[in-house]
Each structure stands twice: as structure tokens, then as C-alpha cells.
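Cover the pairing, the helix and selected side chains.

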Amino acid sequence: RRTLAMQVEGGGALVGFAGREAVSSSREFFDQSFSERGWSRTEAWLRIGSNWHARFASPGAGKCDVQLRDQGGGGSTGILTMYSKPQDSEK
């Protein structure tokens, strides 16, 4: 369930979400979903307390940071931060 969505000029975006799935299921979902779309994980999943973070990248689209948090009772929340690939004039 999406809880927040913001988009910035140039293609970047921030999306907050909550779900009933455990963080382990969410990590597997993002690994598979990004891979199916041609993205690769550039940073391994890192756990800090009850928070998890990984970074994905696509040569044509940019980068995405995924942050997940255990909510207890099997649920999780998270934030996707999308960074669009800069155009030549933006470098």
C-alpha cells in the first residue's frame, strides 16, 4: 500500500509504502522485480537495527535506494528514492 508519492522535475521520485509482508519477503521482491526490469543491485542489503538498505542501478534509468523497516507482527514499511540518470546538459 502506497503511503506517499512525490516526483521532482527531471524524473526523480520518492515513494513510501507499507505492507503485511516481512522484510525478508520484501527484499526478495525488490531483488526479483528490479532484476526482471534490467536493473542490478550495486550495494548488498545492509541491516542496521531494524532497518535494511540496498541500492539498485540501471544504465539507462538511474539509481534507486530501497529502505525497509520491520514493523513487528510480520509487517514492514519502506521508502524508494529514485534518482534519474542526468542528461548531458545536467552533468
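This is a predicted model: local features need pLDDT of at least 70, side-chain atom pairs count only at pLDDT 80 or more; totals for chains, interfaces and linings use all residues.

R41 has its bridge partner in β4: F56. Strands β3 and β4 run antiparallel and are joined by 6 bridges. The strands here are DSSP runs of E with at least two residues, helices are runs of H or I with at least four residues, and both are numbered from the N terminus. Two strands count as paired if DSSP finds at least two bridges between them.

Residues are numbered from 1 along each chain as its sequence is written, and side-chain values use heavy atoms, with hydrogens and water left out.

**The sheet**

The sheet is open and has 6 strands. Their order is β1-β2-β6-β5-β4-β3, and the pairing is antiparallel. At the edges are β1 (2-7) and β3 (40-48), each of which pairs on one side only. From one strand to the next, the twist averages 10°.

Helix α1 (residues 23-36) packs on this sheet. The helix touches β2, β3, β4 (51-58), β5 and β6 (75-84). Contact means heavy atoms within 4.5 Å. The direction of α1 makes about 165° with that of β5. Axes are lines fitted to C-alpha atoms, for helices over the stretch in contact, and angles run from 0 to 180 degrees between N-to-C directions.

| Strand pair | Bridges |
|---|---|
| β1 and β2 | 5 bridges |
| β3 and β4 | 6 bridges |
| β4 and β5 | 8 bridges |
| β5 and β6 | 10 bridges |

**Hairpins and facing residues**

β1 and β2 form a hairpin with 5 residues between them. G10 sits in that turn, with a positive phi of about 100°. Across this pair, A5 has V15 as its bridge partner in β2, and M6 stands opposite L14 in β2.

Another hairpin joins β4 to β5 through 3 residues. Here A54 stands opposite V66 in β5, and S58 stands opposite G62 in β5.

The hairpin of β5 and β6 has 2 residues between the strands. Its turn holds G73, with a positive phi of about 65°. D70 has S76 as its bridge partner in β6.

In a regular strand, side chains alternate between the two faces of the sheet.

Is D65 buried or exposed? D65 counts as buried because its relative accessibility is 6%. Buried means under 20% relative accessible area, exposed means over 50%, and partly exposed lies in between (1.4 Å probe, protein chains only). D65 belongs to strand β5 (residues 62-72). The side chains of D65 and R55 make a polar contact of 2.6 Å. A polar contact is a pair of N or O atoms within 3.5 Å; within protein, one must be able to donate a hydrogen and the other to accept it, and residues adjacent in sequence count only if both atoms are side-chain atoms. Leaving aside neighbours within four places in sequence, D65 is in contact with H53, A54, R55, I79, L80, T81 and Y83.

A57 lies in strand β4. A57 also counts as buried, at 19% relative accessibility. Not counting residues up to four places away in sequence, A57 touches W39, S40, T42, G62 and K63. A57 and M82 are 25 residues apart in sequence and 9.6 Å apart in space, C-alpha to C-alpha.

**Aromatic side chains**

The whole structure has 6 aromatic pairs. Rings of Phe, Tyr and Trp (its six-membered ring) pair if their centres lie within 6.5 Å; planes under 30 degrees apart count as stacked, over 60 as edge-to-face and the rest as tilted. The F17 and F30 rings have centres 5.7 Å apart and planes at 50°, so this pair is tilted. F17 lies in strand β2 and F30 in helix α1, so the pair ties together parts that are 13 residues apart in sequence. Both F17 and F30 are buried. One aromatic cluster is formed by F17, F29, F30, F34, W39, W45 and F56.

R27 places its charged end over the ring of W52, 4.0 Å from the ring centre. Such a charge requires NZ of Lys or CZ of Arg within 6 Å of the ring centre and within 35 degrees of the ring normal.
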